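Here are some exercises to work through with the model open beside you. Try each task on your own before reading its solution.

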Amino acid sequence: MNQHCGDDAELYALGLTDPQRASAIEEHLASCEECRSRVIAAEAAAAALASALPAAPAARSLRRPQWTSGLAAAAAVVFAVTSAWEGTALQGAAQHAARTDAALSAVAASHFSHTTLTSQPGTVAKALYARDGAWMYVIANGVGTGAHLILRGNGIDRDLGALVAGAPATLFVRGPGRVGEVVLVEDGRTLAHGVPVY
Amino acid sequence: MAGRLASAELTAVEAPEMAFEGAGFDRAYRAYAGRLRAVAYHVLRDRDAAEDAVQAALMRVWSSRTYTSERGPLLPFLIACVRREALDVIRGSRRRRERELRAAPETVVPDPTAAIDPVEARRVRAALERLTPAQRDVIVRAYYGGATLAEIADTTDVPLGTIKSRLAVALRRLGGELSGGTP
């Protein structure tokens, strides 16, 4: 792909090239400084146009789009949680932000995986966890304030404490090690459970 | 290119940090999500679909590992990615949209007082006013009206090729007005 972009540089920055042409342009940009400069300038102008748009309303619910890969899934969960938090009341916002920071930093810094927990009707829960057992991040919708995270392994149940209430409720745990089973319990009732694969 | 070779050896999870070169993926999302959602929402008119488009675009950027600082500032790059994603989504439901567009009143520049960035919006509005009426019209139709090039050609009765070059020239000139022009 050696051909310069021409006017397509501006059309690409506006999203008006079809997907095939867009891919060809992206490939070309990797090796052509001239077209790259032109696209960067066009994107700056398009971004200025975007600043005149009104704000969008927040999404209605915790979204769970395509779980195509561990990375994408984890990214999506973190995005969804972050955006869900943006919509929550000011109360607890700082705490939410601090939890997001801890979780995102850990996710960004290590190899991780995720598992959707088998849940009771009305509950949706996931666990993201470092493959080396360094951390675990549990996210749950539809749980009450008394939901506890139990990590089961070697015949021992460890109660890691209550999930921090919110929509969704979450709990970030450092250093759980590799666990046999993740269980969410409320009032002696199992809400959700799943087995991490390390 | 050395940079690309190096990043290809990284695992998918290590890549984002490399890709965003210290800007930090999380910080980028937290700082820009509002703007990105506005871009997607303007195209899709559905808050959940908009959130999905933002996530999908960012996931693509994050996992493709192609972004480096030489590709330009991050926010304009992400805005363009999100808008492409949103437009790709509605291509599937183009027929429905065409009906909506036909029913829609004349497209106008959004009101700066309601804008995510009122100061920048006023600057953009002033810059748009310095373009020729034809240039301004094609930008407003394409960006704020969300019309495709073919739709613009159709409604204005101007050849498609002319619309393409006019829009490209208009955006370049707008960029010039915004970066160098005094109000």
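The exercises below concern a predicted model, and each task is followed by a worked solution.

**Exercise 1. The two chains**

Task: Work out how many helices and strands chain A has, and how many there are in chain B.

Solution. Start with chain A, which has 5 helices and 9 strands. Reading from the N terminus, its elements run α-α-α-α-α-β-β-β-β-β-β-β-β-β. Now turn to chain B, where there are 10 helices and 0 strands. Its pattern along the sequence is α-α-α-α-α-α-α-α-α-α.

Next, look at burial. Chain A has 198 residues, of which 42% count as buried. In chain B, buried residues make up 39% of the 183 residues.

Finish with the contacts that have a separation of 6 or more. In chain A, 55% of them are between residues 24 or more positions apart; in chain B, that share is 66%.

**Exercise 2. The nonpolar cores**

Task: Determine how many residues the largest nonpolar core has, and which element gives the largest share of this core.

Solution. The largest nonpolar core has 66 residues. Those with the most contacts inside it are A:Ala45, A:Ala46, B:Ala40, B:Val82 and B:Ile139. Its largest share, 11 residues, comes from helix 3 of chain A. Apart from this core lies another, of 25 residues, including A:Leu117, A:Met136, A:Phe172 and A:Ala192.

Now take A:Ala45 and leave aside its neighbours within four places in sequence: A:Ala45 is in contact with B:Leu171, B:Leu174, B:Gly175 and B:Leu178.

For a further step, go to A:Ala55, in the loop between helix 3 and helix 4 (70–86) of chain A. Because A:Ala55 has 14 C-beta neighbours inside 10 Å, it counts as partly exposed.

**Exercise 3. The open sheet of chain A**

Task: Give the strand order of the open sheet and trace the pairs in it.

Solution. The sheet has 5 strands in the order 2-9-8-5-6, with antiparallel pairing. At the edges are strand 2 and strand 6 of chain A, each pairing on one side only.

Trace the pairs from strand 2:

- Strand 2 (residues 118–119) is joined to strand 9 (residues 189–194) by 2 bridges, and A:Ser119 stands opposite A:Ala192.
- Strand 9 and strand 8 (residues 181–186) share 5 bridges; A:Val185 has A:Thr190 as its bridge partner.
- Strand 8 and strand 5 are also joined by 5 bridges, with A:Ile150 and A:Val183 as bridge partners.

Finally, inspect the hairpin of strand 8 and strand 9, which has 2 residues between the strands. There A:Asp187 takes a positive phi near 50 degrees.

**Exercise 4. Positive phi in loops**

Solution. Begin with the background: most residues other than glycine have a negative phi. A:Asn154 has a positive phi, near 50 degrees, and B:Asp157 has one of about 60 degrees.

Place each residue next. A:Asn154 is in the loop between strand 5 (148–153) and strand 6 (156–162) of chain A. B:Asp157 lies in the loop between helix 9 (149–156) and helix 10 (160–179) of chain B.

How values were computed. Residues are numbered from 1 along each chain as its sequence is written. Chains are lettered from A and ligands numbered from 1 in the order in which they are written. This is a predicted model: local features need pLDDT of at least 70, side-chain atom pairs count only at pLDDT 80 or more; totals for chains, interfaces and linings use all residues. Helices (H or I, at least four residues) and strands (E, at least two) are DSSP runs, numbered from the N terminus. A residue is buried if 20 or more other C-beta atoms lie within 10 Å of its own, exposed if 12 or fewer, and partly exposed in between; C-beta atoms are placed from the backbone. Two residues are in contact if their C-beta atoms, placed from the backbone, lie within 7 Å. Two strands pair if DSSP finds at least two bridges between them. A nonpolar core is a set of buried Ala, Val, Leu, Ile, Met, Phe, Trp, Tyr and Cys residues joined through C-beta atoms within 7 Å.
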